[in-house]
Amino acid sequence: MQFSGSLSRMRESQKAMRRFYDAIAYAVIAFMLVFALFPLVWTAMTSIKPEKDIVTNELQYIPRNPTFEHYVTLWNRSGVTTMFRNSAFTTSLTVALVILVGTFAAYSISRYRFRGRGAILLFYLTIRMFPSVLMLLPLYIMLRSLGLLDTLWGLALTYTTFSMPVSLLMLKGFFDAVPADLEDAARIDGCTRLGALFRVVMPLARSGIAATAVLIAVGAWNEFLFALMLTNSEGSRTWPVVLQLMVGEFQLPWGLIAAGGMISILPIIIFFAFAQKALVRGLMVGAVKG
Amino acid sequence: MNPSSSPSVNNPSDAIKHQVKRFNPFDLLGKLSESRYWAYVLLAPSLLLVLAVIVYPVGYGIFLSFQQFNLMRAALGMKFVGLEQYIELFQEEDFYIIIKNTFTWVVFGACSQFLVGLITALALNRKSIRGGAVARVLLLLPWIIPSVVAGHMWALLLDSRLGVINDILVWLGVLDSYQAWFASAKTAMPAVLLVDLWRGFPFFTLLLYAGMQSIPDELYEAAEVDGATGWQKFIAITLPMLTPVIVAAGILRGIALVNSPDLMIVLTNGGPGLATFTLSLYAFQIAYDNFNFGAAAAVSVIMLMILMVFTMLYFKFSGVTKNT
């Protein structure tokens with residue numbers, strides 16, 4: 001009697017503990033959601049306030065006179081559409097190049113055991129750590145002598161190489177997961193190795209390839225430091241640079257800055273929503289051996 | 001019947017030969033793909049790119065650090081000065097402040113982001129929690145926001161006149177009056193660290209959560225049978241199982257923190273005074289504003305040496321180099 005009583009009391013207390021921990025977990029998640037999302041929400045609200053409602057003595061929490069004037073102004077300003085085109089072009093070119101070149105390299109490292117394989121893998125891991133500022137200077141000189149300074153191709157080439165190591169590790173992880181038997185079967189049916197790569201391995205790893213592409217795209221779309229250094233004319237500036245230079249040009253046009261920020265993060269949020277699951281898996285593989 | 005009259009129809013092997021004769025580059029590639037050089041052929045483009053755009057520049061950068069070279073006065077050319085630029089750096093008093101700032105920035109940044117990321121991941125990892133999947137995606141958003149936009153967002157939030165955070169803190173009674181967070185030497189670094197915490201914690205949450213998911217349930221069940229408390233389970237199971245992930249994430253984030261002056265460029269430009277001046281910003285400014293590439297390279301090489309330590313720790317502890 002006494003024993004079962006104490007047991008049920010223990011269960012009770014365990015249940016209470018669990019509820020207590022759950023409450024804490026909910027509180028943590030709620031707090032973190034506010035922390036993570038409030039800046040975005042605030043920026044979105046600022047972007048639809050007229051300038052006179054942003055610069056006020058008494059802060060306006062909910063926009064009283066919502067307007068899209070900042071978006072319209074921004075869009076009509078010369079150079080803004082160009083900079084988005086520049087960013088889109090650079091990003092697409094980077095993704096295409098990395099996926100093309102990176103797929104071959106990752107497949108090679110994933111499938112073959114050749115001399116120097118370990119060293120090459122280590123090499124790719126090491127170059128990930130090089131300080132970007134150190135490369136910035138020689139790249140500037142190099143691209144200038146190649147005539148690629150201040151061009152979108154030069155920028156894309158730089159981004160391609162920088163995202164190569166991490167993409168390669170991610171892709172390798174995804175290719176490792178494709179059973180070699182399937183490839184062998186395709187080859188028995190008369191496929192060459194190249195054919196098997198295109199017809200069997202790549203289709204099977206497509207969600208992983210898509211996730212890698214999204215990661216590269218986000219990185220290229222957001223990149224600021226190299227774009228600032230390696231471009232200086234309107235024809236090749238990407239939007240993070242333009243957004244930053246806007247601050248210097250005018251006296252903190254908060255409405256415009258907020259609107260520019262909102263427009264520029266929209267594409268990456270959409271991309272991200274599509275690929276977040278595979279992205280998590282890929283990053284895990286890239287950073288640690290799971 | 002004359003067998004030689006229509007050989008290409010009657011003899012199947014002749015038909016194949018006929019097809020091969022038409023030149024097709026893909027056939028050639030396909031053939032090459034069966035040879036033993038294929039692995040190297042596949043690797044070559046990526047290796048060439050990396051050698052040209054990363055390795056050569058890094059080598060050249062190290063070379064530059066021993067040269068006096070200003071791009072604005074390129075006509076003067078390069079002059080070998082040996083370690084002079086390094087010695088000059090270490091003779092500047094400001095340089096020690098910059099190194100100290102870099103240290104603060106990296107250590108406090110990585111630690112705060114790890115802790116907040118860990119707490120968030122632990123909360124998300126509870127099985128009884130509902131809506132976790134949605135929260136997980138939403139919590140990742142700050143991580144994909146570009147540094148420039150993040151900087152501007154927080155500049156507005158923390159503005160000394162229009163900042164909503166000031167407004168809320170005054171309303172709550174925490175502050176007497178609005179603060180100029182980025183303009184005061186005491187609060188500038190914590191304020192920039194807060195912005196980076198916002199941007200950086202999701203990275204830890206993401207990796208730690210994924211790591212927690214891969215810990216087998218049986219371990220926890222066995223511990224429960226033994227009557228372990230939640231804290232004991234965390235110390236004895238979760239933490240040790242997560243160590244490789246923690247180390248990898250921490251070091252990768254540390255490297256990113258050493259490397260990136262983005263937030264400082266957007267928010268403070270190193271100021272007020274030298275309060276938020278870090279090595280990466282210093283190197284960038286010498287190069288971008290003064291075009292003194294030689295001196296900037298010397299600062300970058302010092303960063304490279306700091307990063308090498310990180311890299312070796314990463315290799316040693318994360319298990320990422322284990323060949324599989």
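**Legends to close-up views of a two-chain predicted model**

**View 1. The contact between chain A and chain B.** In this predicted model, 80 residues of chain A are in contact with 85 residues of chain B, two residues being in contact if their C-beta atoms, placed from the backbone, lie within 7 Å. Helix α1 (residues 2-47) of chain A supplies the largest share of the side of chain A that touches chain B, namely 17 residues. Helices (H or I, at least four residues) and strands (E, at least two) are DSSP runs, numbered from the N terminus. By class, the side of chain A that touches chain B holds 58 nonpolar, 18 polar and 4 charged residues. Here Ala, Val, Leu, Ile, Met, Phe, Trp, Tyr, Cys and Pro count as nonpolar, Asp, Glu, Lys and Arg as charged, and the others, Gly among them, as polar. Residues are numbered from 1 along each chain as its sequence is written, while chains are lettered from A and ligands numbered from 1 in the order in which they are written. Because the model is predicted, local features need pLDDT of at least 70 and side-chain atom pairs count only at pLDDT 80 or more, whereas totals for chains, interfaces and linings use all residues.

**View 2. The crossing of helix α6 of chain A with helix α4 of chain B.** Helix α6 (residues 132-145) of chain A packs against helix α4 (residues 38-64) of chain B at an angle of about 100°, and their axes are 8 Å apart. Axes are lines fitted to C-alpha atoms, for helices over the stretch in contact, and angles run from 0 to 180 degrees between N-to-C directions. α6(A) is therefore roughly perpendicular to α4(B), a term for angles of 65 to 115 degrees. Among the residues of α6(A) that meet α4(B) are Leu134(A), Pro138(A) and Met142(A); the α4(B) side includes Val53(B), Pro57(B) and Leu64(B). The contact of these two helices comprises 12 nonpolar residues, 1 polar residue and no charged residues.

**View 3. The two domains of chain A.** An automatic or database domain assignment divides chain A into domain 1 (2-47) and domain 2 (70-287). Taken over C-alpha atoms, the centres of the two domains are separated by 38 Å. In chain A, 4 residues of domain 1 are in contact with 7 residues of domain 2. The side of domain 1 that touches domain 2 has 1 nonpolar residue, 3 polar residues and no charged residues. Chain A as a whole contains 13 helices and 0 strands, and its C-alpha atoms fill a box of roughly 90 × 70 × 35 Å along the principal axes.

**View 4. The surroundings of Gly270 in chain B.** Gly270(B) lies in the loop between α13 (262-267) and α14 (279-288) of chain B. Is Gly270(B) buried or exposed? Gly270(B) counts as buried because it has 21 C-beta neighbours inside 10 Å; a residue is buried if 20 or more other C-beta atoms, placed from the backbone, lie within 10 Å of its own, exposed if 12 or fewer, and partly exposed in between. Leaving aside residues up to four places away in sequence, Gly270(B) touches Met264(B), Thr276(B), Phe277(B) and Leu281(B). Gln285(B) is 15 residues from Gly270(B) in sequence, and their C-alpha atoms are 9.9 Å apart in space. Across chain B, 42% of the 324 residues count as buried.

Note on methods. Angles under 35 degrees count as roughly parallel, over 145 as roughly antiparallel, 65 to 115 as roughly perpendicular and the rest as oblique.
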